[in-house]
Amino acid sequence: MVSLKINGQSVEVPEGATILDAADKLGVHIPTLCKLDIPEFSLHNHGASCRVCVVEVAGRRNLAPACATPVMQDMDVKTHTARVINARRTVVELILSNHPKTCLTCPKSTACELQSLAAELSIQGIAFSGQSSRHTIDASSPAYVRDMNKCVLCRRCETMCSTVQTVNVLSGLNRGFATCVGPAFNMPISDSVCVSCGQCVAVCPTAALSEVNNGAKVWAAIRDPDKFVVVQTAPAVRAALGEAFGMPAGVPVTGKMAAALRMFGFDKVFDTDFAADLTIMEEAAEFIHRFKHGGKLPILTSCCPGWVKFFEHQFSDMLDVPSTCKSPQQMFGAVAKTWLAEQLKVDPARMVVVSVMPCIAKKYEAGREDMGRDGRPDVDIVITTRELVKMIREAGIKFAALQDEGFDDPMGESTGAGVIFGTSGGVLEAALRTAYEWITGNTLEAVDFTALRGLRGIKEATVDVDGIAVKAAVAGGLGNARRLLEDIRAGKKQYHIIEVMACPGGCIDGGGQPYHHGRTEILKKRMKALYAEDKSKVLRKSHENPFIKKLYAEFLGEPHSKLAHELLHTHYVKRPRM
Amino acid sequence: MRKIADFKALEKHAAELKPRLALRLPGADLSSGKREILICGGTGCQSSRSLELLEKLQKEIRAAGLASTAQARITGCFGFCEKGPIVKVFPDDVFYVEVGLEDAMELVENHLKNNVVAERLLYRDPQDDKPIMSHHEMPFYKKQMRVALGNCGLINPEEIEDCIAADGYLALASCLEKRTPAEVVGEVKISGLRGRGGGGFPTGIKWEVAAAQPGPVKYVVCNADEGDPGAFMDRSILEGDPHSVIEGMAIAAYAVGANQGFVYIRAEYPLAIRRLQLAVDQARAAGLIGRRILGSRFSFDLELKYGAGAFVCGEETALLRSIEGGRGEPTSKPPFPAQSGLWGKPTIINNVETLANVPQILRRGGDWFASFGSEKSKGTKVFALAGKINNVGLVEVPMGIALREIIYDIGGGIKNGKQFKAVQTGGPSGGCIPAADLDVKIDYDNLVAMGSMMGSGGMIVMDEDNCMVDIAKFYLDFTMEESCGKCTPCRIGNKRIHEILTAITEGRGTMEDLDKLENLAAVIKDTALCGLGQTAPNPVLSTLKYFRDEYVAHVVEKRCPAGVCTNLLDFFITDKCIGCGLCKRGCPVSCISGEKKEMHVIDKTKCIKCGTCISKCPTKAIIRK
Amino acid sequence: MDAEQCRCMDEEFKELDDYIGQFRDKKTALIKVLYEAQRIFGYLSEKTMLFVADRLDVPAAKIFGVVSFYSYFTTTPKGRHQIKCCMGTACFVRGAEKIISAFEEKLKIKRGETTTGLEYSLDSLRCVGACGLAPVVVVNEQVYGKLEAPDVDTILANNKG
């Protein structure tokens, strides 16, 4: 242990801790901007580049960045002297002198860390003016917008993209005042190897990276009397939406969300969880088929579009490994525009399928060339949880005070298995529940596969299925997925079934969720909320969903039928590695 | 060269090779009738065609039938680059300057054949215009004491035999034979040697920290990314005595327990790269680096890594990132490279001049080195004198010498009889020192106290025609362009300083701007991540301190006292005008009027101050003030 | 691209590939490889950078990050005569600005640009260490020192075609 003084108060911290850690322990607040550490995800971004967290250390010539300076025995630190405050303020004014002062109309307004920092330091004027960065706004992606004019060069996105996700699409470019973060050759991001996982957006402190806002499109569709607009909501959305309305993290708001969406004027309010159950029907069947007939194993889940694009770029030699199942979002759309349209006697051409997703890659997925049918997309408009929050505010709805409501039939019913799709390990757990019963013909009593739960990057379990040890693994985050796949490619590891989610922790940590600002306890609470909802359900296995049964009986026939293939399965394409 | 087996063999070899240098060392036999002609083959003299001169001299020597008694060879930089090509005749100690190809015959004929010094080609004292017969009598060399540059101008840098004859690698060999690594560190500590590349950190302590780190893998890095504009001592050492650096690195490696070294060298120094690579290959062939050096259990090899045009890579953590193959962005210290450097391993980084001193210290003792210099700055330092000074070049002097001695005694005073205004030391990180401080003794600490720094030893002399605001702007332009862009204060702060300075030089400055400059400069010094950013405001702070009146003149009177800042100048036609009309025809905005053969006039309200008229005027009748 | 050009391109890439082959630790060789690539091709095109990315297994973004960081690297073709004016302090205080302006005027291009037909390119450069000869201009590897504005004509005359 090392003992030191901060503002005259003694504190003891372990060797290797930073001044910032020591200050935290004492409850002394030192403002930061660039720093973001999420040890659970191996995200360490403390390059000490913004210089906001500087403090005075006795005996040191210049100020020290608290986030990157290790403590030393008997260090004497002052965090708020006149010298420190002047330096901090000057540094923030410098950042603001090269930042568009358009906060009033900025998509990040009120959620922007730079804005809060300026408020915290009572910045009431900017002493400096001069040239501003002029970067072309990159709106080439259907998922997110890159406005480097708002970048503060914290490099969180670059660290996330390269060290955590290993997508490696971003790098610091140029130098000096022209420095920015971007893809190779500054190409439009949509031409790059970016998979739109959105983790860069999730950690960006400003609006340099923000989701494409489709709220206006949704309102226009709802207000168009010729359109029949249905909405589906992904499982992870309900676990986080309440946070934006002052409710504690981890309180599921399924009922209030359904009520709000109905107030918007959607013709039908459905649940993606229903389609999650449907996905399990198809995927478990595919797994069992490969398992029993010596097919390609392991089978990899394919419900995460970021992951799908990632393996198309990085593992294009293994395109026969992933399941051919579309994601629940796409399965929902495909079924809505066929079976549902038929049932409701709505012309599918008039139907608009809106999805509310925790994810920005879903925006990209909806537009993929392999999706849709007869020139019609499965899903028309995708909004994220954050866009939904904005729409609820726009509509003047007092969200926290809403009475719970249910989803509409027939695509609103789901089992517990569908619910846990929203968290890392959930898809695999759901698949195992069904696969076990289908293979063995026995009822699975212990439905909780706890080894597959939690925030760890790679989770493994061996399940005894009729005497065969089925080896299962879960990877959360693309860096972990890469490691797992490289081991498999090299023959170092063997599994039967693997779930991969592009985002560390799964969809509860999606790139479209309310910002967690690096506080993983929020993510843990979101996870807990989904498992609690699973537990509260009477039906917890996808194949027990009565409406799924109805869908197969009336329409699809059986899993992997010709029609199921046509509507619910897809194929992959080889994409460049660099 | 064959592999040298051990310490004894090297000693023997050195003794055998000694005659190579016989004519060149002090006390050489003048009566033998033999002569050696050494021609500088450094970048400076090469660009003055010294290689062609060498060939010409060799041809003339053969033609004169002197091939058996006189030989012309190439050597390293004498430091007097402005007067190149330099030719020195041994053992006569005669120093010829600005020797052209057309002078070769005269030199051979007069000096070598007829034993008459070619007086016309000697250096002349700028004070009395008298030719100086002996190299060591030249004011430029009289006060110098050459340690790091000791072999430059003495040996042929492309032949390891010359180096060995000059006791090269004996220090390394004796370390391996007779001293423990800790003793080597101890000797360097006794010498008081401090880093010659920037901050002046004590070299021995740096080594001690690295030596104390656990683990088998450590690295030694030579920082040869000499980036300070106006400093070229490292280039001269690498071109003139590359083996001293290799030997210094090997000794450092032995002292800290490293087996691999890297030389990070500027791509802009092609000749230095060529000579160093040649020296590395020769040393490896001779068994002086590589596996089990001189039969000992110590192995050390080194590789060249190229810098690619980024000044910030002179900063040690940036340099490491660059060697690792990345962008040269500095990282936060601590941890220091000696604790965690290349690929996370303990790494010592020393610059070229520092390492070139190491073999000398080990051979002649730390006490010897510490016997000259000032109290806290031991040994000698190489300075690169440049700018508005008569004798431009490299000088090596004991630390603690007064600035005045360097500029007036060695440098020969200000060019063209102009008035001295300031000397800028330490490159873009340093500051400007005014005339009032010319008697300050030069060492690390005094320079810092004056708001400047040693840096790598650049000294740029400014005269009355230099505008100090413009100079500050020049430096900020440099650091702004060379900022890596990582931290806020350097990326944006230095940009803002540059913008304010630009406004001042263009007559748009306010007195409030001066306060703003001072605060911003102080904050940048206090908060920037690396040495580049932290020292970037020094030229501004020091000029603001010593030449504030010049700033005020720009701001209040909208006047540039030195007549440099174009926007603040007006163009006038004086009575030297002959009325030829060339200026009138050349003026792009037609603001000059006047009849033929009569004095012309410039309409100040229309003039855009482009300077075309000045360049057109045949009688220099147009001035700006 | 005709067949002749195509074959020649392949030879250049083969030369680069052979160079890369000598490195055991490919990732840390990046800067040396880019240096060599620029020597072979004269500049670093996207195609070249992608080739290097693939062979060294270094992300293309990182390669572009490195290339755009170091001023030695260029992503546009340079002239056959690369005129680089030293703008180091010693040269600056001795009038380097006038020399580079004279080149700009003669060549009708600004610093950083290349003449049409790729005859000349003009750049500023930070100190070549030939301060004794200030102001200095380097054309390809030849150093010209102690220059005054009229010398510009001679330098251009010596470097033509």
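The legends below describe close-up views of a predicted model. Local features need pLDDT of at least 70 and side-chain atom pairs count only at pLDDT 80 or more, while totals for chains, interfaces and linings use all residues. Residues are numbered from 1 along each chain as its sequence is written, chains are lettered from A in the order in which they are written, and side-chain values use heavy atoms, with hydrogens and water left out.

**View 1. Domains of chain B.** The domain assignment divides chain B into domain 1 (33-139), domain 2 (160-370), domain 3 (380-463), domain 4 (468-556) and domain 5 (570-624). Such bounds come from an automatic or database domain assignment. Taken over C-alpha atoms, the centres of domain 1 and domain 4 of chain B are separated by 46 Å.

View 2. B:Thr425 is buried, with a relative accessible area of 2%. Buried denotes under 20% relative accessible area, exposed over 50%, and partly exposed the range in between (1.4 Å probe, protein chains only). Not counting residues up to four places away in sequence, B:Thr425 touches residues including B:Gly430, B:Ile433, B:Leu447, B:Ser452 and B:Met459, where contact means heavy atoms within 4.5 Å. The side chains of B:Thr425 and B:Ser452 are joined by a polar contact of 2.6 Å. A polar contact is a pair of N or O atoms within 3.5 Å; within protein, one must be able to donate a hydrogen and the other to accept it, and residues adjacent in sequence count only if both atoms are side-chain atoms. The C-alpha atom of B:Thr425 is 8.8 Å from that of B:Val461, 36 residues apart along the chain.

**View 3. B:Ser374 in a loop of chain B.** The loop runs between α15 (366-370) and β9 (380-387). B:Ser374 has a relative accessible area of 14% and is buried. Leaving aside neighbours within four places in sequence, B:Ser374 is in contact with B:Met399, B:Gly400 and B:Asp443. With the side chain of B:Asp443, the side chain of B:Ser374 makes a polar contact of 2.7 Å.

**View 4. A nonpolar surface patch on chain B.** B:Phe201, B:Ile205 and B:Val209 make a patch of about 240 Å². Accessible areas come from the Shrake-Rupley method with a 1.4 Å probe; for residues, only the protein chains shown count as cover. B:Ile205 belongs to helix α9 (residues 203-212) and is partly exposed, at 36% relative accessible area.

**View 5. A:Ser210 in strand β11 of chain A.** This strand spans residues 209-211. A:Ser210 counts as buried, at 9% relative accessibility. Beyond residues up to four places away in sequence, A:Ser210 touches A:Pro107, A:Tyr144, A:Val145 and A:Val201.

**View 6. Chain C and its two domains.** Domain 1 of chain C covers 3-67 and domain 2 covers 81-158, with C-alpha centres 29 Å apart. Chain C has seven helices and four strands, and buried residues make up 55% of its 161 residues.

Note on methods
Patches are made of residues with over 30% relative accessible area and no salt bridge: like charges are joined within 9 Å, nonpolar side chains (Val, Leu, Ile, Met, Phe, Trp, Tyr) within 5 Å. A salt bridge is a side-chain nitrogen of Lys or Arg within 4 Å of a carboxyl oxygen of Asp or Glu. Helices (H or I, at least four residues) and strands (E, at least two) are DSSP runs, numbered from the N terminus.
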